[in-house]
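Visitor: Hi, could you walk me through this one? I'd like to start with the charged side chains.
Guide: Happy to, let's look at it together.

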Amino acid sequence: MNRFIGLATLAVVVASLAVVDLAHAQRGAESKAAGQYNFYGKSSSRSMRGAREYSQDYRQYAQSTEKVDQELAQEVSDAIGTYIVKAQKHMAWMRKNAIGNQETLASLDVIDKNLADAAKHHKEMHDCCAGPEVDKTTSIRCCEGIDRSLAMAIADHDKLMKRLGFPNPTPTKK
C-alpha cells in the first residue's frame with residue numbers, strides 16, 4: 001500500500017511538472033510573439049517617420065532654393081522610397097501575425113492604404129527627380145502628398161500600437 005501511495009505521489013508530481021513546463025513554454029512563445037510584434041510595430045513606426053522627415057526636409061529645401069539639385073533630389077527620393085518599403089514590409093509581417101484579430105486587421109487595412117498612397121506620391125516624386133532637371137513645383141507637391149499620407153498612417157499606427165499595449169515610448173532626456 002505504501003508503495004502504491006509513493007508511486008501515485010510520484011505520478012502526480014511528474015504530471016504537475018509537465019503542466020508547469022507546458023505553461024512556461026506557452027508563456028515563453030507568447031512573450032516571444034509579443035516581443036516580435038512590438039519590434040516590427042516600432043520598426044514600421046521609425047520607417048514611416050523617417051520617410052516623412054526626409055519628405056519635410058526636402059520640401060523645405062526646395063522651397064528655399066531657386067533650382068533644385070538633381071543629385072540631392074534623387075538621393076532624398078531614394079531614402080523616402082526605402083523607408084516606405086521597409087514600413088510596408090513590417091506591416092505585412094504584422095498582418096501575417098494578426099490572423100483572426102479582425103480589429104487589428106481593419107486597422108492594418110487603413111494603414112496599408114495610407115502607405116500605398118505615400119508610395120504612389122513617392123513614385124511621382126521619383127519620376128520627377130529622374131530627369132536632368134527637377135521640376136521644383138511638382139516635387140514639392142509630391143512631398144506634400146507623401147507627408148499627408150504618412151501623417152495619417154502614423155496616427156493610425158500609433159492608435160493601433162497603443163490598443164495592442166505597445167504605446168510609443170517617451171523620449172529619454174539626456
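Guide: A term to begin with: a salt bridge here is a side-chain nitrogen of Lys or Arg within 4 Å of a carboxyl oxygen of Asp or Glu. This is a predicted model, where local features need pLDDT of at least 70 and side-chain atom pairs count only at pLDDT 80 or more, while totals for chains, interfaces and linings use all residues. Residues are numbered from 1 along each chain as its sequence is written, and side-chain values use heavy atoms, with hydrogens and water left out.

Visitor: Thanks. Which residue does D117 form a salt bridge with?
Guide: The partner of D117 is K113, and their closest N and O atoms are 3.1 Å apart.

Visitor: And how many residues apart are D117 and K113 in helix 3?
Guide: They are 4 residues apart, so about one helical turn separates D117 from K113. Helices are DSSP runs of H or I with at least four residues, strands are runs of E with at least two, and both are numbered from the N terminus.

Visitor: Is D117 buried, partly exposed or exposed?
Guide: D117 is partly exposed, with a relative accessible area of 24%. Buried means under 20% relative accessible area, exposed means over 50%, and partly exposed is in between, using a 1.4 Å probe and protein chains only.

Visitor: How many salt bridges does the count come to?
Guide: The count is 11 salt bridges. One of them joins the side chains of D109 and R95, at 2.8 Å from N to O. D109 lies in helix 3 and R95 in helix 2, so this pair ties together parts that are 14 residues apart in sequence.

Visitor: What about the accessibility of D109 and R95?
Guide: D109 counts as partly exposed at 43% relative accessibility. R95 is partly exposed as well, at 25%.

Visitor: Which side chain does E103 meet in a salt bridge?
Guide: That would be R163, with 3.4 Å from N to O. The pair links distant parts of the chain, since E103 is in helix 3 and R163 in helix 4 (residues 136-163), 60 residues apart. R163 is partly exposed, with a relative accessible area of 34%.

Visitor: Which residues are linked in a network of salt bridges?
Guide: R52, R59 and D147 are linked that way.

Visitor: Let's zoom out. How many helices and strands does the protein chain have?
Guide: The protein chain has 4 helices and 0 strands. Along the sequence, its pattern reads α-α-α-α. As for the interior, 33% of the 174 residues count as buried.

Visitor: New topic, cysteines. How many disulfides does the structure hold?
Guide: The structure holds 0 disulfides, a disulfide being a pair of cysteine sulfur atoms within 2.5 Å.

Visitor: Where does E71 sit?
Guide: E71 is in helix 2 (residues 70-96), and E71 is exposed, with a relative accessible area of 58%.

Visitor: What else is in helix 2?
Guide: K86 lies there, partly exposed at 42% relative accessibility. K86 and R46 are 40 residues apart in sequence and 9.5 Å apart in space, C-alpha to C-alpha. V85 is found in helix 2 too, and V85 is exposed, with a relative accessible area of 52%.
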